[in-house]
Amino acid sequence: MLFRSGAAPRAWVTNQGSHDVTVLSLAPETPLDARATLATVPVGRSPAGVVAVAARGEVVVSNADAPYLSVLSMDNPSEIARIDAPPGIVGLAASADGQRLFAADWYGQQVLVIDLPGRRTLARVQIGRAHV
């Protein structure tokens, strides 16, 4: 996932095997073969989805095999909060104003609507069985 943070764009890459997120600098003046790793941030088990919430200066990561989402700071890449959620969350989307997070629960066949400032689930919308 790409996002411009400050003066230089960054990529936030989930690493399911090592249970962390790598933050890469994508500064245009840096040659492609020399792109710098800015940080590696430990998160929950099997991180999968990632979404930038620019309005809040945060990145949210879904941890498919953990009972929470990880909230990271864009400015100082580190985990700053956790939001309770069932295991199986994979896809994430956020409202432009940073107030709501939408989390696709693969196992529960639902979408969670989360109050991002309050760090709590507001609603669960059943979506039916996933086709595989």
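Author: V90, W106 and Y107 form a nonpolar patch on the surface, and together they have about 320 Å² of accessible area. Such areas come from the Shrake-Rupley method with a 1.4 Å probe, and for residues only the protein chains shown count as cover. A patch is made of residues with over 30% relative accessible area and no salt bridge; nonpolar side chains (Val, Leu, Ile, Met, Phe, Trp, Tyr) are joined within 5 Å, and like charges within 9 Å. A salt bridge here is a side-chain nitrogen of Lys or Arg within 4 Å of a carboxyl oxygen of Asp or Glu.

The model is predicted: local features need pLDDT of at least 70 and side-chain atom pairs count only at pLDDT 80 or more, whereas totals for chains, interfaces and linings use all residues. Residues are numbered from 1 along each chain as its sequence is written, and side-chain values use heavy atoms, with hydrogens and water left out.

Strands (E, at least two residues) and helices (H or I, at least four) are DSSP runs, numbered from the N terminus. Y107 counts as exposed because its relative accessible area is 53%, the classes being buried under 20%, exposed over 50% and partly exposed in between (1.4 Å probe, protein chains only).

The largest nonpolar core has 15 residues, and V60, L69, I89, L92, L101 and I114 have the most contacts inside it. A core is a set of buried Ala, Val, Leu, Ile, Met, Phe, Trp, Tyr and Cys residues joined through side-chain atoms within 4.5 Å. Among the elements that give two or more residues to this core are strand 9 (89-94), strand 10 (100-105) and strand 11 (110-115). Apart from this core lies another, of 12 residues, including V21, V41, V61 and M74. L101 touches V60, L69, L92 and I114, among others, not counting residues up to four places away in sequence; contact means heavy atoms within 4.5 Å.

E58, in strand 6 (residues 58-63), is buried, with a relative accessible area of 5%. The side chains of E58 and R56 are joined by a polar contact of 3.1 Å, that is, a pair of N or O atoms within 3.5 Å, of which, within protein, one must be able to donate a hydrogen and the other to accept it, while residues adjacent in sequence count only if both atoms are side-chain atoms.

For the whole chain, there are 12 strands and zero helices, and 42% of the 132 residues count as buried.
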